[in-house]
Amino acid sequence: MADPRFFKAAGPFTLKGLAALIGAELCPGASADATFDDVAPLSAAGPRDLSFLDNKKYVEEFMTSRAGACIVEASAAESAPDGMELLISATPYQAYALAAQAYYPEPSFEPGVSPSASIDPSAHLPDDCLIEAGVVIGPDANIGAGCRIGANTFIDQAVVIGENTSIASGVYLSHCLIGARVLIHPGVCIGQRGFGFAMAASGHIKVPQLGRVIVEDDVEIGANSTIDRGSGPDTVIGAGSMIDNLVQIGHNVRLGRGCVLIAQSGVAGSSRLEEFAVVAAQSGVSGHLVIGKGAQIGAKSGVIRDVAPGEKVAGIPAVPVKEHFRQVATVKRLASRKGR
Amino acid sequence: MADPRFFKAAGPFTLKGLAALIGAELCPGASADATFDDVAPLSAAGPRDLSFLDNKKYVEEFMTSRAGACIVEASAAESAPDGMELLISATPYQAYALAAQAYYPEPSFEPGVSPSASIDPSAHLPDDCLIEAGVVIGPDANIGAGCRIGANTFIDQAVVIGENTSIASGVYLSHCLIGARVLIHPGVCIGQRGFGFAMAASGHIKVPQLGRVIVEDDVEIGANSTIDRGSGPDTVIGAGSMIDNLVQIGHNVRLGRGCVLIAQSGVAGSSRLEEFAVVAAQSGVSGHLVIGKGAQIGAKSGVIRDVAPGEKVAGIPAVPVKEHFRQVATVKRLASRKGR
Amino acid sequence: MADPRFFKAAGPFTLKGLAALIGAELCPGASADATFDDVAPLSAAGPRDLSFLDNKKYVEEFMTSRAGACIVEASAAESAPDGMELLISATPYQAYALAAQAYYPEPSFEPGVSPSASIDPSAHLPDDCLIEAGVVIGPDANIGAGCRIGANTFIDQAVVIGENTSIASGVYLSHCLIGARVLIHPGVCIGQRGFGFAMAASGHIKVPQLGRVIVEDDVEIGANSTIDRGSGPDTVIGAGSMIDNLVQIGHNVRLGRGCVLIAQSGVAGSSRLEEFAVVAAQSGVSGHLVIGKGAQIGAKSGVIRDVAPGEKVAGIPAVPVKEHFRQVATVKRLASRKGR
């Protein structure tokens, strides 16, 4: 069970209530009114817990689990241990995510403005926001209803923030328009000038960076990530994109809807990722490229050419993932040969 | 045009005024007194805008651009569309940078000290500085004239900052001497103890780090980058160096004048980069190396040997860039061979 | 000598006093009562300084050094220049670290709470702590005796911090239990929700992250590093582990005692590093792996399989380090062949 000092559980829920919440089916003969207190992984779950099976690798754990209830695909139902209640879903992990959200909803907050916050009188700030200690909000900033702004965060002049957005502590926002229901983790920096200058032996000459950052609705941005504003065009983070920690986004980058950028990856200036593209950890995308819809870039790769929609690439430089594995195997084989 | 909520344009300027500002020549018959309101890229520019052509790839855009005026090399003049005014420069991008700086000068600020700043009475702080909310300045710190210190930034005891330096929000400065006209982006950490310890099975033993960080004049340091202080010698960032976001500089590193370190790159302890060396994104330089003047390290490379002045290297481990491309091509060829 | 504006030396110490402090032996005939003022590297040390020789590469520097005293292995004693006092140790660098700690002890501090700190009345805060300006401490947080909390740091509700822990400026702590004598550098983010969601074309569905971060005693965490809380299990950083700057630790990662993670490295979710494992700079460890006790991962490597205790690996994907060198040599040779 989650540490009650940090988490407050909202259960119990009935089996039928859960089914409705997560869009799952009850099995014939299920105890629709049975209640369950909490969510837990198969190995840790007990009779009062709801769990899930999403991966065939864990079927054995499933078959011996003590979980009181479990979300599974229909095909797994016959393997369930005696007495386990089942919720049938075509997408058990998605269904589990919804159940876990019901058990552990985002904590609510008491609106208010800390006396130690510094808010410019020209800023727009609805009454139902929580502004924590040390927050600084500049002139003409426009904060949406229901926002929570964490301690010591800085919001520069004219920044716009949509409704129900949550910004953690120590965040920096300038030259940007942030959407609704966005989650920004601590230490994130958005809107500083991009890395634009004319190189010259007499001293590099800075090029003013005249664009903004547009963060669309439902985006999440991980701790200490950095997003530079555009140089003239805007930098755009598409709706529902998930950005992990320590990620770098250069000026003029455009992410489509639902992109996923995993920890310590980076996208260089003016590249465009179409919707649902995935960049795995510690990978880099060079500047001025197009990464197609649903393309996937393997971890620690370096992409220097456009990637077609749906294509999976890996390696430095990145090539189609099958070719990458062939390259790795070839080098391994050649290096191990007798009589090299 | 730049979003007026975030940017204030200073134009219009006359063609001859611009020529003087940026060191360009008017063409014979140019309308020296014609005025232009703004800067814009070729594709977006209109009749009231100044643009530039720096790269042959964009000649076609140039030939069809609606820009009222354009900075070009002399050789491109004959391709200009009818009615476009030309400013002739041997280095159009540098000239454009200067023009853009004239159109969008750094915003001025009203000096003053926020009532929520905490400034030690022994710190030296000229009247013409702007100290934003929540700034903390320690004993004996010495701030230069005309500095701007952003909200919630921490400046530790005895830190020295030169004139007209601009430090963003949420910055940490300790054990360092910062030059004049330096630009430090949000979340930067300078002067924390380096990663120095004697490894021991009974528990690693920390080695006191007794040096400083010297940041020379006109340096720019990107968001959330980290620069450790020296272990005994100093860590030095040479004048005019440009450091991008999320860059790591280890203890005792010395950068010469005008070095360029692109996003998420790192330089390990005691390495020295001579002037105008370039380290591309996500690359690493091992410890105790010398990277020669003007050397260039390709993106995502790992440098484990000295690099000669002017040399271009790439790969893990980094080799001369031609050899790197040959290696990549060789592996590709061998992996694709029939009958492997 | 260290800049007295930033460092305060505690010497002089007598030779015999030093020997006792660092567990070294005096040579027969040594001047046990001679005093030395400071520590310095061999090349910079003068007659009033203590230095050390730990690496045969520096024997020549040792033989011509002007250092008044030097910590050496017994075998090096006969090479010492005339007049140099010697302290004999089997582990000179460890001994030097202890001596340097004696000369430059951690600065003490005056306890107190800045008037601009915001401390929830329900938080437990001993009188001997120093709480700097702008610190925010949430409800039910529990701070240990002798802690120092730097300016503008945020400590969320119910966080527990052990005795004599030092937390720098601009740090974010939530959902975590921090041990004693921990050192957390500026900009570190600990305890934010991990990168957990069910991918779905209709929009990714976030999975509540219900674990904590446990940071055991004597850990050091470098500037701007990020450690996500567990998804259900905890994320654990073992006692005495040393984490450098800009390191990413994913949810559910478990580090054993004394692990070393060098700058810009990352460990993905649910991987486990056994005690004294080392991950060099810019390397990544994929999720759900086990890295054995004392294993070493070379710089810029990508680990996608378990690593056995004591094994040294390198490369992308990482292989045993000898095989890696063979692979690098093979590619080099094949790429340079005449008549390819």
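## Questions on a predicted model

Me: In this predicted model, is A:S283 buried or exposed?
Reply: The relative accessible area of A:S283 is 0%, and the cut-off for a buried residue is under 20%. Because 0% falls under that cut-off, A:S283 counts as buried.

Me: Which backbone nitrogen does the side chain of A:S283 reach?
Reply: A:S283 lies in the loop between β33 (278–279) and β34 (284–285) of chain A. Leaving aside neighbours within four places in sequence, this serine is in contact with residues of chain A, including A:Q264, A:I297 and A:K300, and also with B:Q282 and B:K300 of chain B. Its side chain comes to 3.0 Å from a backbone nitrogen, and that nitrogen belongs to A:K300.

Me: Is B:I316 buried, partly exposed or exposed?
Reply: B:I316 is placed in the loop between β38 (312–314) and β39 (319–320) of chain B, and together with A:I316 and C:I316 it makes a nonpolar surface patch of about 190 Å². Its relative accessible area is 33%, whereas buried means under 20% and exposed means over 50%. Because 33% lies in between, B:I316 is partly exposed.

Me: Which residues of strand β5 of chain B are buried, on one side and on the other?
Reply: Strand β5 of chain B spans residues 49–52, and both of its faces are covered. On one side the buried residues are B:D49 and B:S51, and on the other they are B:L50 and B:F52.

Me: Which residue in β6(B) stands opposite B:S51?
Reply: Strand β4 (residues 38–39) of chain B pairs with β5(B) in the parallel sense over 2 bridges, and there B:V39 has B:L50 as its bridge partner. β5(B) also pairs in the parallel sense with strand β6 (residues 69–72) of chain B, over 3 bridges. In β6(B), the residue opposite B:S51 is B:C70.

Me: Which strands stand at the edges of the open sheet of 8 strands in chain B?
Reply: This sheet of chain B has parallel pairing and the order β12-β15-β18-β23-β26-β29-β32-β35. Two of its strands each have a single partner strand, so one side of each is left without a neighbour in the sheet. These edge strands are β12 (142–143) and β35 (290–291).

Me: What is the bridge partner of B:R254 in β32(B)?
Reply: Within chain B, strand β29 (residues 254–255) runs parallel to strand β32 (residues 272–273), and 2 bridges join them. The partner of B:R254 in β32(B) is B:R272.

Conventions:
Residues are numbered from 1 along each chain as its sequence is written. Chains are lettered from A and ligands numbered from 1 in the order in which they are written. This is a predicted model: local features need pLDDT of at least 70, side-chain atom pairs count only at pLDDT 80 or more; totals for chains, interfaces and linings use all residues. Side-chain values use heavy atoms; hydrogens and water are left out. Buried means under 20% relative accessible area, exposed over 50%, partly exposed in between (1.4 Å probe, protein chains only). Helices (H or I, at least four residues) and strands (E, at least two) are DSSP runs, numbered from the N terminus. Two strands pair if DSSP finds at least two bridges between them. A polar contact is a pair of N or O atoms within 3.5 Å; within protein, one must be able to donate a hydrogen and the other to accept it, and residues adjacent in sequence count only if both atoms are side-chain atoms. Contact means heavy atoms within 4.5 Å. Patches are made of residues with over 30% relative accessible area and no salt bridge: like charges are joined within 9 Å, nonpolar side chains (Val, Leu, Ile, Met, Phe, Trp, Tyr) within 5 Å. Accessible areas come from the Shrake-Rupley method with a 1.4 Å probe; for residues, only the protein chains shown count as cover. A salt bridge is a side-chain nitrogen of Lys or Arg within 4 Å of a carboxyl oxygen of Asp or Glu.
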